[in-house]
2 protein chains.
Amino acid sequence: MKFVKTSALLALLSVATFNAQSLKSPDGKFEMNFNLKDGVPYYNLKYNGDVIVEDSKLGLRLLKDGDIQFASEIENKNNQGKNLDNGFVKVAEKFDSKNETWQPILGEKKNYINHYNELAVTLNQSENDRQIIIKFRLFNDGLGFRYEFPQQKNLNYFIIKEEDTEIDLPWDMKAWWLAGDYDTEEYQTQTTKLSEIPARWPKSFDGNASQNLVKNGVQIPLMLKKEGKNPLYINLGEAAVLNYPAANLELDATNFKFKTHLTPDAQGAKGYIQTPATTPWRTIIVSPKAEVVLDSKMLFNLNEPTKYTDTSYIHPTKYMGVWWEMIIGKSQWAYSTANNVHIGKTDFSKLTPNGSHAANNTKVKEYIDFAAANGFQGLLIEGWNTGWEDWFGHSKEFVFDFITPYPDFDIKMLNDYAHAKGIKLIMHHETSGSATNYERWSDKAFQLMNKYGYDATKTGYVGNIIPRGEHHYSQWTINHYYRIIEKAHEYKIMVNSHESVRPTGESRTYPNWIAAEAARGTEFEAFGGNNPDHQTILPFTRWMGGPMDYTPGIFQTKLDYYFPGDKRFVQTTLAKQLALYVVMYQPLQMAADLPENYARHMDAFQFIKDVAADWDDTKILSAEPGDYIHTARKAKGTDNWFVGGITDENSRDFTVDFSFLDKGKKYEATIYADGKDADYIKNPQSYQIYKKTVDSKTKLPIHLVRSGGYAISLKPIK
Amino acid sequence: MKFVKTSALLALLSVATFNAQSLKSPDGKFEMNFNLKDGVPYYNLKYNGDVIVEDSKLGLRLLKDGDIQFASEIENKNNQGKNLDNGFVKVAEKFDSKNETWQPILGEKKNYINHYNELAVTLNQSENDRQIIIKFRLFNDGLGFRYEFPQQKNLNYFIIKEEDTEIDLPWDMKAWWLAGDYDTEEYQTQTTKLSEIPARWPKSFDGNASQNLVKNGVQIPLMLKKEGKNPLYINLGEAAVLNYPAANLELDATNFKFKTHLTPDAQGAKGYIQTPATTPWRTIIVSPKAEVVLDSKMLFNLNEPTKYTDTSYIHPTKYMGVWWEMIIGKSQWAYSTANNVHIGKTDFSKLTPNGSHAANNTKVKEYIDFAAANGFQGLLIEGWNTGWEDWFGHSKEFVFDFITPYPDFDIKMLNDYAHAKGIKLIMHHETSGSATNYERWSDKAFQLMNKYGYDATKTGYVGNIIPRGEHHYSQWTINHYYRIIEKAHEYKIMVNSHESVRPTGESRTYPNWIAAEAARGTEFEAFGGNNPDHQTILPFTRWMGGPMDYTPGIFQTKLDYYFPGDKRFVQTTLAKQLALYVVMYQPLQMAADLPENYARHMDAFQFIKDVAADWDDTKILSAEPGDYIHTARKAKGTDNWFVGGITDENSRDFTVDFSFLDKGKKYEATIYADGKDADYIKNPQSYQIYKKTVDSKTKLPIHLVRSGGYAISLKPIK
């Protein structure tokens, strides 16, 4: 505050008082304080009286005339250069609260609780009479807040240059982070202190099919831990990223201060806004317990309830896929030896077959047979459609038509065959990043799915986005994903997107967007490997906003089985692969390995056959990011429970406390654990299976070898 | 050529001989010489033995690794940095010729003659074993040539950094030019010597809704004249711009040398090529007579014959429009007083009407009545659909849905009413440049047209293109125009595009693309004026590749008629407006003024009622760019002829020589000429109409006042 005469002091004090406001969480443990300092909005956050977010600035900068010339609102001289980050006075404040229980269509629990106190502060920029609202919601597990732009005389259209929301932490913290990027999250998670990020950053990423790094930036959700005697976990994220770019965070590693960094479009613009509009919610989940963070449903609560009237077609599905054999290089997506094909012109029946096309009638029938015999509901087939010969790396806009099968894929026969055995084929729509082309064909593609009885599609966005210059996380492309999701809903189709933006809780609103990949999945075990701690981190980061299609279940972890001398291997034990089905929530859950590998381990495969894909309840038994996760879940509509536990590169002992079970009830537990001589490098396929009767008082000690795990299925004894 | 040892001289000479090749035009007057100098391709052009294009380089530069990272072909180390402009040896040459007569679906003549000799030179870049073909076609009116890229092992995908085709003229020349731009041609034509272009260039343009100027660049078709005793006219252009950006020309004003400058995309790339592929044709039309240039059909001849099997729906149409009254500001496109609307959400019936929405039931019926009573076939209605409240300047992607009428526009009733009177309504699809949105809605939009019996649409692209960063003339957007044209053909719909790329003869291939605006049309008379020489230049430039929707026929040229004190006026006499119907070929021809203005001049209006829109024959009686054009045309399927003559800011006398008429036949001529006291500024509505019997021996002197003109209709006397 500038120097003022004493005579004005009283007036200023009252203004200061009026400009400040506090909000408490329902349980009273959190306190958020809003304040205007010289017209600039600030907030801070306290937990149990301790400051955990120091005074942090809020606001947005807008693109000015001369930068990009297409928003006449900005070109208007009266508004030139007037950012939405200063010159404000508070003109209104409104408190609200909610305590509701809602039921996700698919979810980790039957009921999600949405309980918060709300403060909406209306700010007026007097210079040009523009109003914005900053809305805070304080839950018992942390804070969400966003900007709202009501439709008004002087604020109808604007273009964002940057959102400058700050999160200023008081201390250095341990962080599990990914290098910031506009196009991919498929990097190895780095574990360092905040202060160490700048030094590590240049070595924190490898190559990707599409990448545009944000120097010294990190991705969200970002998991943080204040170490020491009284640890505190903080998770920074965002919710409801709709008609807005996704954010990275810039870090001031000296002051432990973060600031949002939005994804730009081809011209550097970061959001074209027409009022009324709202930004995504910025989220700060806080707890002394990692388990509470992992259990938070804040991102879902901050999304709107669905407006879909028919959700009957949305259902959990376990599926196999003609997929892993292409990932490891045993067979191919492409049908022919050609390397330059033209969709709609090339006659694929006249090309020379390459002899290793996986999606052929014979092989697909074998997969159908195996999947049907083992109780699966779906079979994904990749490489079924023409165009894979030159699908990648050429910025080819008309790369696929999504409706024309290869000559050796009889779509009608195979669907008939599958349906007769209770299997639905799962469609594959790889776009190669050519979103414009997918939009052109999406009606025909979904009509084909309806015709043949597919009810789910895996979409893919490998490579740079077309429109060229757009990014996987820019506003246009995010709107594209929702155009597809909404169109899929018209056709009653579930979507599982790969290489899309990560979900930020929108499955509450768009429940047919079942899952996304949007992080380093199992496929990277064949592309350079996932670290043994990888799966213990993802649930704290990528998973916070919705399921990931991680595609677990690899039994044949060493690839020299196929290719003598091949040094690649999946960096877990077989038992840990089983545990992932419980630790990693995904209602469209895959068993990713080849049938022949499951056939050699039918006893262990039994767990995958038994495990549920959707849940009535979930208990995080114990968790520490980067170290271990132990999760228990109750299968949807039954009294069966499943438990999964995994560890990082360290072997560990854990005691499963079954107190989550119904009191007095006996259960038959089948335990799938690492073998005594198991080792994720030397002996990954060593496992042991044993049964035991347990009840709510049972405590079962289990040993996890390095990068090992265990899975338990529990059925009530009648 | 570098210094070489004498011992190698003979070998080099023979290589030099082999590397050179000549081609002559069918009439022997033109000679094109191709040569390789140190592996770089060159050509020159002679006319009657005189060099008219000096040795000029050919070739393309490609984007290298590091500039744009999505063409793996380029990222391949073996190919890095290897442009397609050097290191060539000639490996084959092939001569061909053609002399065909073909019939355009709509055209200025019944028969177009396509007569040329062809040389195709195959060049091999030995370093990487890549072959390209340069194909030359020499006509009796000049040269066309292009690059061809056969599909081959080492050339499958590449991205163009720039096409560097040179046209090196021997002399300074008079030029009629527009400032180079990636988005608009709506500038006033400048008339200077080539050497004067750099000095004039900075003052050669005004503002536009979308503009990206090419510094010191000029647009094509570019009309040039070597002045003096033996004048020579040269027209530089391009034909068949398909899946490729449109070009401007860069000028070296000291050496009178041009070079192509393609339109980039958002990332600066100038064409994503998958082989086999061809570039557009570069065209050099040459004649000592301006009339021959104006009569050239070279650009059409260089396009492929249509593959359409059904062209029955394509027909000439004269139409009126609910349009000019909005252009001058008398009424509005928008229905309401709102300034921020959301398509699909805003309930327009609840908004406050602005009271001056033109496309309302009452007014449209009046237009239908007048158009029907006067023999028109069509009525364009703009502002019929929701969204005009904030359609422009906000980079609003979902700006229109193309299917929802305003509350006061009863689409069924009005179409029924029109059809009952023999009128078809003409659809208006303004996109506001949001091409992605139009593609999403185009099926529904065309289905609506089919449902209500519309068979033609006027499309519009006012403002910057979405995908953001693309340009009106970039490859992506040009592909968009053709996607729309092809889809329109599926629905049997004719297209008249505004603010699109200029046509380059493609109506031969896509005959439902009837016309485009793509230059400064009549609307600019209300936006700052068109110079009096404007209409004498456009046929030599914009028109070379296809019809322009200039929208002539303004009788009430002074706008103070509507708005006392308004200084705006259409800078021609009324008689010149009539002449434009003959001078300016447009088979979808508009009578643009308000019915009330025609009603006050029904005698002059008779010419517009009588004049044809499509032709069996055309004779350019006399023409000089920037000065005057006198054209005679024979109406399609009749023995009626029409003559039109216009002049620039100078009054002129002209004698119409009727020797084009059938020998021995008598015709009743109705002459619409400037009144004796006519003046385009002081007395534009002064005209005289008189009849005269004429035959092929008649010579009729006519006086044209400054910016005046005359029109003659000729009917055989039976």
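**Two chains, one interface**

Colleague: How many residue pairs are in polar contact between chain B and chain A?

Modeller: It's a predicted model: local features need pLDDT of at least 70, side-chain atom pairs pLDDT 80 or more, while totals for chains, interfaces and linings use all residues, and side-chain values use heavy atoms, without hydrogens or water. Residues are numbered from 1 along each chain as its sequence is written, with chains lettered from A and ligands numbered from 1 in written order. A polar contact is a pair of N or O atoms within 3.5 Å, within protein one able to donate a hydrogen and the other to accept it, and sequence neighbours count only through two side-chain atoms. With both residues at pLDDT 80 or more, the count between chain B and chain A is 20 residue pairs.

Colleague: Which helix supplies the largest share of the side of chain B that touches chain A?

Modeller: Helices (H or I, at least four residues) and strands (E, at least two) are DSSP runs numbered from the N terminus. Strand E20 (272-274), helix H9 (435-452) and helix H10 (475-490) of chain B each give at least two residues to that side. The largest share, 3 residues, comes from H9(B).

Colleague: And which residue of chain A meets Glu439(B) in a salt bridge?

Modeller: The rule (a side-chain nitrogen of Lys or Arg within 4 Å of a carboxyl oxygen of Asp or Glu) finds 2 salt bridges across the interface of chain B and chain A. In one of these, at 2.5 Å from N to O, the side chain of Glu439(B) meets that of Arg440(A).

Colleague: What area do chain B and chain A bury between them?

Modeller: On each side, 32 residues are in contact with the other chain, contact meaning heavy atoms within 4.5 Å. Carbon and sulfur atoms carry 46% of the buried area, which is the accessible area (1.4 Å probe) lost on putting the parts together, summed over both. The figure is about 2,900 Å².

Terms used:
Buried area is the accessible area (1.4 Å probe) that two parts lose on being put together, summed over both.
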